[in-house]
Amino acid sequence: MKQGERTWVFPNPPVILATGTVVGPDEGEGPLAADFDLVHPDMELQQPSWEKAERLLLEQAADIAVSKAKLKKQDIEYFVGGDLLNQIISSTFAARTLGTPYIGVFGACSTSMETLALASLMVASGAGERVLAATSSHNCTVEKQFRYPTEYGSQKPPTAQYTVTGAGAAVVARTGEGPRVTAATIGKVIDLGIKDPFNMGAAMAPAAVDTIQAHLQDTGREPGYYDLIVTGDLAGVGSPIAKELLMRNGVPLEQTTFRDCGLLVYDVAKQKVQAGGSGCACSAVVTYGYLLKRMEKGELKRILVAATGALLSPLSFQQGESIPCIAHAVSIEA
Amino acid sequence: MATKEAGKSISYKPMSMSAKEYKQFAKNREPARSVLKNCLRAFLVGGVICLIGQGVQSFFQAAFNMSPTRAGNPTVAIMILLSVILTSIGVYDKIAQWAGAGTAVPVTGFANSMCSAAIEHRSEGLVLGVGTNMFKLAGSVIVFGVVAAFFIGIAHWLFGGVGR
């Protein structure tokens, strides 16, 4: 199963039976609105706190994924989840509601593919038959925890990114119909000294480059093997940097299409999102909503999703530390 | 699109940039920030806020026959109220994104920093939430304001009553 330096190639590729995607109003105004299962008209979801609203997003995404897979909650053997909040409370509290054996992980915005990779590994290794991978983020919980109060008047620079409000969940199973997870490459923590928390794209780009190159080298696949290579949330600043770095290192990216979920989820020119989207839900809802639907229609056959995460804390950047970053890549084939 | 068969041995150049080189590389690729545009907007919005304040003050002077000094206190109260209302209905932060430093003018900006923190942390209760966090952003202004006043007070005492 292990191939090369840090890639798992699954001999019996696990199936993504079904997915659930739930988003907030800004994502509902974006170009991918029609691909999401549920679009909320407001950020509150009639909950008394932002944190409860985020938790509900995750629970709804999980419910939708499970019911679309024509399963019941009890059929899910494990839930692998994570989010951006301190002590990953969104996932943990959602796991309390689900009542499923639970593994909590933290990979910042790379959590989407980290949980999918782990769920696939569990299924492929025989540790479980049906495993749920899910993650969430909420614009206001993230602003509150990492930046300023949501209503505080401060100007964000054009390099800043807008956290996606939403949640994405996928049911991974050993058998059934659906796209298959054929390989996963685990990222290293890469830090090239960027300290500006309002420029995560530039901080994360080298991590995406490192993981994508490792994946291609480990599997012996050229970029052209994939119809699409998509990064998690590098957005308007990080995505061109990653592309330039890959080309410099001799990766023939012209063989494939190279995109970024943070640029796909919003209409960056029209919506006030600065450089584009970010957050755990960014790559989760774009992959589980938009990309898998395009695979279902036959427009895409093989994709590589490299979800990127900035592993900083509010404490670490106030203490002047640079931003360590990671990317996990998952190969999904129709 | 060419589909290449898997299984070949591939190797690419590893990342060779040092942190210093990468910082410069990334800096060169940041979108330009229009300082002139930001300055103009800040001037415009900051000026408008001050103009409104002046209008309110003139109103108190004319309507209640107050001296400019006495009209100052109710004017500040009205400006705080306006800022708190705009913050509460979720407008102040949108103006700030457009105006930049223009909305940071002392009275309304200060009120916004306290009000936004109070709203944000209401979910953690009145004492530990609102009470503890209300000065989260404004606190440093008060601390350094008091420290600065202390040193200026000493300087004033030492070097005599300029402007007394």
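A residue is counted as buried if 20 or more other C-beta atoms lie within 10 Å of its own. This criterion is applied below to a predicted model.

**Figure 1. Strand β7 of chain A and its burial.** Both faces of β7(A) are covered. On one side stand Arg130(A), Leu132(A), Ala134(A) and Ser136(A), and on the other Val131(A), Ala133(A), Thr135(A) and Ser137(A); all of these residues are buried.

Figure 2. Which strand runs parallel to β7(A)? Strand β5 (residues 78-83) of chain A does, and six bridges join it to β7(A). Asp83(A) stands opposite Ser136(A) in β7(A). The pairing of β7(A) with β9(A) is antiparallel and extends over eight bridges. In this pair, Leu132(A) stands opposite Val171(A) of β9(A).

**Figure 3. The two domains of chain A and the contact between them.** The domain assignment divides chain A into domain 1 (2-173) and domain 2 (180-333). Their C-alpha centres lie 17 Å apart. In the contact, 57 residues of domain 1 of chain A meet 60 residues of domain 2 of chain A. Several elements of chain A each supply at least two residues to the domain 1 side, among them β3 (15-23), α4 (111-124), β7 (130-137) and β9 (166-173). Helix α4(A) gives the most to this side, with seven residues. By class, the domain 1 side holds 27 nonpolar, 21 polar and nine charged residues.

**Figure 4. Chain A as a whole.** Chain A contains 10 helices and 15 strands. Its radius of gyration is 18 Å, close to the 20 Å given by the globule rule for 334 residues, so chain A is as compact as a globular protein of that length. The C-alpha atoms of chain A fill a box of roughly 50 × 50 × 35 Å along the principal axes. Of the 334 residues of chain A, 63% count as buried. Among contacts in chain A between residues at least 6 apart in sequence, those joining residues at least 24 apart make up 79%.

**Figure 5. Chain B and its helices.** How many helices and strands does chain B have? There are seven helices and zero strands, and from the N terminus the order of elements is α-α-α-α-α-α-α. The radius of gyration of chain B is 25 Å, whereas a compact globule of 164 residues would have one near 15 Å. Along the principal axes, the C-alpha atoms of chain B fill a box of roughly 90 × 45 × 40 Å. Of the 164 residues of chain B, 20% count as buried. Residues 24 or more positions apart provide 54% of the contacts in chain B with a separation of 6 or more.

**Figure 6. Helix α2 of chain B and the residue after it.** Helix α2 (residues 35-64) of chain B consists of 30 residues. From its first C-alpha to its last, α2(B) reaches 43 Å, close to the 44 Å expected at 1.5 Å a residue. The helix is followed by Asn65(B), whose phi is positive, near 55°.

**Figure 7. The contact between chains A and B.** Here 40 residues of chain A are in contact with 40 residues of chain B. On the chain A side, the elements that give two or more residues are α6 (200-219) and α7 (235-248). The largest share of this side, eight residues, comes from α6(A). The residues on the chain A side divide into 17 nonpolar, 15 polar and eight charged.

Notes:
Residues are numbered from 1 along each chain as its sequence is written. Chains are lettered from A and ligands numbered from 1 in the order in which they are written. This is a predicted model: local features need pLDDT of at least 70, side-chain atom pairs count only at pLDDT 80 or more; totals for chains, interfaces and linings use all residues. Two residues are in contact if their C-beta atoms, placed from the backbone, lie within 7 Å. Helices (H or I, at least four residues) and strands (E, at least two) are DSSP runs, numbered from the N terminus. Ala, Val, Leu, Ile, Met, Phe, Trp, Tyr, Cys and Pro count as nonpolar, Asp, Glu, Lys and Arg as charged, and the others, Gly among them, as polar. The radius of gyration is taken over C-alpha atoms; the globule rule is 2.2 Å times the number of residues to the power 0.38. A residue is buried if 20 or more other C-beta atoms lie within 10 Å of its own, exposed if 12 or fewer, and partly exposed in between; C-beta atoms are placed from the backbone. Domain bounds come from an automatic or database domain assignment. The expected span of a helix is 1.5 Å times one less than its number of residues. Two strands pair if DSSP finds at least two bridges between them.
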